[in-house]
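Subject: Structure for your files, with notes

Dear colleague,

Here is the structure I said I would pass on. My notes follow below it.

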Amino acid sequence: MVLFMNVCFLAHVVACAWHWLTTFPSLSDACASGLLGCWGETSSLTWLSAPGGSYDVDEDFKKYVAAIYWVFTTMTTVGYGDFFPMNNWERAFAVVVMIIGATVFGYIVGSVAEMATHTRQNPSAQNIFTMRQYCEEHGFHQKVIQSLRRHYDFWFQEMSHFEYEGEILQRLPVPLRREVVLYIHRHLLSSRLLI
């Protein structure tokens, strides 16, 4: 959910910047501003004022929807071609958006792959992964994250991987249970006796 919200916020910021480019004072000559296929004395164009591009963007909301649409089609590398950069500034901006889109897409694919591989590992690795995600989501300081990691490393090292260990031990007679628990934690007890 956090990743989705971050992508939507990024798309909003980029869409606002894409629309803002139409307000730049550009050169009056389209050929000088970078219009491709230029045939002489035509006025400079933007993606919003291009022929065929302004047919449905006469209101601010429609302009925003068109800009968001362009951002998502560009970031996902679909690019239908109904809105496209018309001058050098817009083309340079589009290149940056494509790079950002490829990076975000790679991050999403990497995150999904990491989640998929961690779910197949042992429970301690899954819990440490969940703890790390929780810490990142809440913006914990690095020292806190390291302390939590050391705690969980120790805890998972000492705890059994059997889910029902407590129930198994509860069914044992008290003297046998005490002996089993002492045996399980013998290395801790011996290190404590040496101190």
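Is asparagine 87 buried or exposed? Asparagine 87 is buried, because its relative accessible area is 5%, where buried means under 20% relative accessible area, exposed means over 50%, and partly exposed is in between (1.4 Å probe, protein chains only). Asparagine 87 sits in the loop between helix 3 and helix 4. Its C-alpha atom is 8.2 Å from that of tryptophan 47, although the two residues are 40 apart along the chain.

Before the rest, two notes on how to read the numbers. The model is predicted, so local features need pLDDT of at least 70 and side-chain atom pairs count only at pLDDT 80 or more, while totals for chains, interfaces and linings use all residues. Residues are numbered from 1 along each chain as its sequence is written, and side-chain values use heavy atoms, with hydrogens and water left out.

Overall make-up

The protein chain has nine helices and zero strands. Helices (H or I, at least four residues) and strands (E, at least two) are DSSP runs, numbered from the N terminus. Of the 195 residues in the protein chain, 26% are buried. The accessible surface is about 13,900 Å², and carbon and sulfur atoms hold 65% of it; areas come from the Shrake-Rupley method with a 1.4 Å probe, and for residues only the protein chains shown count as cover. Among contacts (heavy atoms within 4.5 Å) with a separation of 6 or more, 53% are between residues 24 or more positions apart.

Helix 3 covers residues 60-75, which is 16 residues. From its first C-alpha to its last it reaches 22 Å, close to the 22 Å expected at 1.5 Å a residue; the expected span is 1.5 Å times one less than the number of residues. The buried residues of helix 3 are Ala66, Ala67, Ile68, Trp70, Val71, Thr73, Thr74 and Met75.

Threonine 73 belongs to helix 3 and counts as buried because its relative accessibility is 10%. Its side chain reaches the backbone oxygen of tryptophan 70 at 3.0 Å. That is a polar contact, meaning a pair of N or O atoms within 3.5 Å; within protein, one must be able to donate a hydrogen and the other to accept it, and residues adjacent in sequence count only if both atoms are side-chain atoms. Leaving aside residues up to four places away in sequence, threonine 73 touches Val78, Gly79 and Tyr80.

Threonine 77 follows helix 3 and has a positive phi, near 60 degrees. Glycine 81 lies in the loop between helix 3 and helix 4 and is partly exposed, with a relative accessible area of 41%. Glycine 81 and tryptophan 70 are eleven residues apart in sequence, with 9.0 Å between their C-alpha atoms.

Threonine 22

Threonine 22 is in the loop between helix 1 (2-20) and helix 2 (30-33). Threonine 22 is buried, since its relative accessible area is 17%. A polar atom of its side chain lies 2.5 Å from the backbone oxygen of histidine 19.

Salt bridges

How many salt bridges are there? The count is two, taking a salt bridge as a side-chain nitrogen of Lys or Arg within 4 Å of a carboxyl oxygen of Asp or Glu. One joins arginine 132 to glutamate 114, with the closest N and O atoms 2.6 Å apart. This pair links distant parts of the chain: arginine 132 is in helix 5 (residues 123-138) and glutamate 114 in helix 4 (residues 88-119), 18 residues apart.

Arginine 132 also forms a salt bridge with glutamate 136, at 3.7 Å from N to O. These two are separated by about one helical turn, because they are four residues apart in helix 5. Relative accessibility is 30% for arginine 132, 28% for glutamate 114 and 48% for glutamate 136, so each counts as partly exposed.

Cysteines

A search of the whole structure finds zero disulfides, a disulfide being a pair of cysteine sulfur atoms within 2.5 Å. Cysteine 135 is buried, with a relative accessible area of 0%, whereas cysteine 16 is partly exposed at 34%.

Regards
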